[in-house]
Amino acid sequence: MNTKTPLEKFVVLAAVDGVLSDRVTLVAARFAAGIAGAELHLVHVIALPSATTSALPEGRTRLEESAASAQRVHAGIVLGHLTAGDPCHEILEAAARIKADLLIVGTHARSGLGRLFLGSVADHVVRRASCPVLVVREKDYRTEPKVEAACPDCLEAR
């Protein structure tokens, strides 16, 4: 069990690899800003084998933009990590390397065939992470959530 004393830092790792990366950065920075002495780490993964020769400079730019955005919200330490490989593996490796206390990832919240064929890095990270994971999605209150009424037996028990 990982127990921290009050003097030990709280480490937040946010994956800023394209899926809602601006939103993920903002949520992570706000979270880190609320914890005294927290460190915020941002990881951008260049997916292989689809990476092109322009992917490295683009990835570095994305990471620098995310770090600048995070620093406008979180006055503490903000560090960037640029890596290449399988996004799920690289995110989990970064979390283990820095001993993250919280991992933040984004999702498009696909379902059905979209999820089946495209997979979900967020799903894989949630299932394999060794620390808590916060999944960020866009707010959408336009559709009402489907909430089923309580069954008659439950109502009677109340």
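At what angle do helix H3 and helix H5 pack, and how far apart are their axes? In this predicted model, H3 (residues 87-98) and H5 (residues 121-128) pack at about 40 degrees, with axes 9 Å apart. Axes are lines fitted to C-alpha atoms, for helices over the stretch in contact, and angles run from 0 to 180 degrees between N-to-C directions. H3 is therefore oblique to H5; angles under 35 degrees count as roughly parallel, over 145 as roughly antiparallel, 65 to 115 as roughly perpendicular and the rest as oblique. H3 contributes Pro 87, Cys 88, Ile 91 and Leu 92 to the contact, and H5 contributes Val 121, His 124, Val 125 and Arg 128. Contact means heavy atoms within 4.5 Å.

The protein has six helices and five strands. These are DSSP runs (helices H or I, at least four residues; strands E, at least two), numbered from the N terminus. Their order from that end is β-α-β-α-β-α-β-α-α-β-α. Of the 158 residues, 35% are buried, that is, under 20% relative accessible area with a 1.4 Å probe, protein chains only.

His 41 lies in strand E2 (residues 39-47). His 41 counts as buried because its relative accessibility is 4%. Beyond neighbours within four places in sequence, His 41 contacts Val 11, Val 12, Leu 13, Ala 14, Leu 79, His 81 and Ile 98.

Residues are numbered from 1 along each chain as its sequence is written, and side-chain values use heavy atoms, without hydrogens and water. Local features need pLDDT of at least 70 and side-chain atom pairs 80 or more, whereas totals for chains, interfaces and linings use all residues.

Notes. Buried < 20%, exposed > 50% of the residue type's maximum accessible area, 1.4 Å probe, protein only.
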